[in-house]
Amino acid sequence: MGSNTSMVTEFVLVGFSGLAHLQGLLFSLFLTVYLLTVADNLLIVVLVSTDAALQSPMYFFLRILSALEIGYTSVTVPLLLRHLLTGQRHIRRSGCALQMFFFLFFGATECCLLAAMAYDRYAAICAPLRYPLLLSRRVCLQLAGAAWACGAAVGLGHTSFIFSLPFCGPNAIPHFFCEIQPVLQLVCGDTSLNELQIILAAALIILCPFGLILSSYGRILATIFRIPSIAGRRKAFSTCSSHLIVVSLFYGTAIFIYIRPKASYDPATDPLLSLSYAVVTPILNPIIYSLRNTDVKAVLKRTILKMGTVEI
């Protein structure tokens with residue numbers, strides 16, 4: 001088995017090769033989405049970093065989220081664009097492992113960061129008088145550092161575990177990037193135990209932060225329902241709505257994709273589902289926060305007006 005394992009030095013990302021007549025259209029579509037994703041998220045990072053009105057803990061976490069989205073989509077889309085443009089779909093085993101690590105790294109970090117953002121909303125609504133203490137600069141840095149550390153541990157752990165297993169061929173990955181489930185299908189022999197370990201680890205990584213988010217919002221909703229005025233309830237809930245939408249998009253697809261056996265993987269539909277969290281969600285997040293957040297909209301409008309004044 002050792003000699004067979006050494007033979008697999010590269011993989012082939014099948015991706016959307018079955019849509020040969022649409023390669024040009026897909027390239028243009030994904031390139032446009034990628035450029036908009038980077039531009040939108042970079043704009044959020046710049047606005048939050050430079051405007052004094054956006055210096056609360058919520059915007060501190062939002063800036064990190066936007067930076068994560070840039071990294072998250074940059075792990076997969078540029079390589080997909082190259083494949084669509086050149087038709088060359090080979091990726092070395094080391095390159096595949098590197099892509100998987102960074103994808104898991106950014107994804108797991110976002111899992112934890114969304115939980116930190118839920119805690120921020122809980123503190124702001126349920127304990128407003130203690131909010132500056134509960135979300136001090138030091139606490140925010142600690143929460144962000146813990147999220148990054150968790151992401152690094154998850155990425156390194158999963159990637160090193162999967163690529164320590166023997167690959168005997170075939171080497172065609174039925175996906176447009178090195179995702180866990182399709183790569184695991186190429187491992188030699190009985191992988192049921194490995195599969196169980198990966199599912200349990202994924203469940204722990206995804207469901208623990210998700211449980212904290214549900215707990216936070218359970219207390220938030222209880223507090224909101226105790227507010228006597230309808231206007232007060234609406235205002236309190238509006239501060240959480242953007243985060244709730246992002247959580248639903250991210251965790252909905254993550255739970256469906258990762259917490260299931262590899263036998264249920266469908267090479268025809270799963271890559272399309274992966275597009276929702278690898279390509280679509282990163283472009284939607286800054287739009288959701290911009291359109292539903294009055295502070296961000298006000299700063300964005302002020303910035304546009306300043307730019308117009310300078311041009312004049």
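Is Cys96 buried or exposed? At 0% relative accessibility, Cys96 counts as buried. The cut-off for that word is under 20% relative accessible area.

Before I go on, please keep in mind that this is a predicted model. The average pLDDT for the protein is 86, and 94% of the residues score at least 70.

The structure has two disulfides. One of them pairs Cys96 with Cys178, and the sulfur atoms are 2.0 Å apart. About the S-S bond of Cys96 and Cys178 the torsion is about -125 degrees, so this disulfide is left-handed. It links distant parts of the chain, 82 residues apart: Cys96 sits in helix α4, and Cys178 in the loop between β3 (172-173) and α7 (180-184). Cys178 is at 1% relative accessibility and therefore counts as buried.

The other disulfide joins Cys168 to Cys188, with an S to S distance of 1.8 Å. The link of Cys168 and Cys188 is right-handed, with 135 degrees about the S-S bond. This pair, too, links distant parts of the chain, here 20 residues apart. Cys168 lies in the loop between α6 (137-162) and β3, while Cys188 lies in the loop between α7 and α8 (192-225). Why does Cys188 count as buried? Because its relative accessibility is 15%, and buried means under 20%. Cys168, at 30%, counts as partly exposed.

How are the bonded cysteines paired, when numbered in sequence order? The pattern is 1-3, 2-4.

Cys126 is in no disulfide; the nearest cysteine sulfur belongs to Cys240 and is 8.5 Å away. With 26% relative accessibility, Cys126 counts as partly exposed. Cys140 is in no disulfide either, and its nearest cysteine sulfur, that of Cys112, is 16 Å away. Cys140 counts as buried, at 3% relative accessibility.

In soluble globular proteins, nonpolar side chains tend to be buried together. The largest nonpolar core here has 91 residues, and the members that touch the most others are Phe11, Phe30, Phe163, Phe167, Val183 and Tyr258. Helix α4, residues 93-126, supplies the largest share of this core, 18 residues.

Take Phe11 as an example. Which residues is Phe11 in contact with, leaving aside neighbours within four places in sequence? Among them are Phe163 and Phe167, which are also on the list of core members that touch the most others. Cys96, the disulfide partner of Cys178, is a contact of Phe11 as well.

Last, helix α3. It covers residues 57-86, which is 30 residues, and it reaches 44 Å from its first C-alpha to its last, close to the 44 Å expected at 1.5 Å a residue. Where does α3 bend? The bend is at Ser74, by about 40 degrees, and a proline, Pro78, follows within four residues. Helix α3 is mostly covered, with 23 of its 30 residues buried. After α3 comes Gly87, with a positive phi near 80 degrees.

That is the end of my part.

How values were computed: Residues are numbered from 1 along each chain as its sequence is written. Side-chain values use heavy atoms; hydrogens and water are left out. A nonpolar core is a set of buried Ala, Val, Leu, Ile, Met, Phe, Trp, Tyr and Cys residues joined through side-chain atoms within 4.5 Å. Buried means under 20% relative accessible area, exposed over 50%, partly exposed in between (1.4 Å probe, protein chains only). Helices (H or I, at least four residues) and strands (E, at least two) are DSSP runs, numbered from the N terminus. Contact means heavy atoms within 4.5 Å. A disulfide is a pair of cysteine sulfur atoms within 2.5 Å. The expected span of a helix is 1.5 Å times one less than its number of residues. The bend at a residue is the angle between axes fitted to the seven residues ending there and the seven starting there. pLDDT is the predictor's confidence in each residue, from 0 to 100.
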